[in-house]
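Colleague: I would like a close look at a single part of this model. Please walk me through the surroundings, with cut-offs.

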Amino acid sequence: MRRYGKHTDEDDIRTRPGRRNTRPRTNIRPKHEDAAEGLVLTVDRGRLTCLVEDRVVMAMKARELGRKAAVVGDRVALVGDLSGKKDTLARIVRIAERTSVLRRTADDDDPYERVVVANADQLAVVTALADPEPRPRLIDRCLVAAYAGGLDPLLVLTKSDLAPPDKLLELYGHLEIPYVVTSREELQNGTAVARVREQLDGKITAFVGHSGVGKTTLVNALVPREQRRTTGHVNAVTGRGRHTTTSALALPLAGSDGWVIDTPGIRSFGLNHVDPSRVIHAFPDLEPGTEGCPRACSHDEPDCALDAWVAEGHADPARLYSLRRLLATRERKEGD
């Protein structure tokens, strides 16, 4: 190994300054008032693709943000090279306050929550009526996450040519969730796409669903310019499809100011992060009845005031049953 003495004749050798010459650290961070606003479209290994006006810009998070991470759907402020040219990189210096957040954990025992999407208006839960069979417990968990995160739910039922939707719609009818039923033929001729678009226009919609239900196929039909590889087949043994979407991606809805956010296929949806007391807010017809509940009532216990309040005729008993079914999802596995 080559060693340099105290006096070197190389002028390219950098020496570390001593402590007395080191500039002291400060908590004052630059404000960047001239930063441009952008929308995070996707995140891949620390690099964020953002839309700034009409340009797609690659960026990375500025050091002053610390551990605060930006996710798809975030409104951010960027500085640096915003030209969008190849091999250029901007910096994200601010993340705006979020209006909604879709979170999940790996399972109900996992303390680490993952923010999937920010600032979405609604959550489209896509499920097949057959091949693979619907998983109501997983649907319930997605609904709880939507209510807790401030998103309006939407049910999208696919493959109605293989099985009727009546049984599943009856299960969720008392939740008063809007829904769209599609078949493979309707996806091909465009009639199903038109019905789904009616629910998406002017909104930011995140799509979730387990693999094989046709979620990415539907997104491709809604955003034809951004064709993404669809699931090749469904495993005959497990009844599950192969994952084809590896990271969340925001796509503009053609001919509309709406956005579609395609998310990776999910096999589980942990709710360790959800405060059960927030789920009641999704049931405005039941919420007044909680005034007589004991402190920290879970609304699924013997002393809950909702039982007497509903028995007096103030609300439909089926709505109370639906509430408690959702509250109990943390105690049941998705495949039950």
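Modeller: Buried means under 20% relative accessible area, exposed over 50%, and partly exposed in between (1.4 Å probe, protein chains only). Serine 100 counts as buried because its relative accessible area is 4%. This is a predicted model, where local features need pLDDT of at least 70, side-chain atom pairs count only at pLDDT 80 or more, and totals for chains, interfaces and linings use all residues. Residues are numbered from 1 along each chain as its sequence is written, and side-chain values use heavy atoms, with hydrogens and water left out.

Now the location. Serine 100 sits in the loop between β5 (90-95) and β6 (101-105). Strands are DSSP runs of E, at least two residues, and helices are runs of H or I, at least four, numbered from the N terminus.

Next, the neighbours. Contact means heavy atoms within 4.5 Å. Leaving out residues up to four places away in sequence, serine 100 touches Val117, Ala118, Asn119, Ala120, Gly149, Gly150 and Leu151.

Arginine 91 is partly exposed, at 34% relative accessible area. Its C-alpha atom is separated by 5.7 Å from that of lysine 61, 30 residues apart along the chain.
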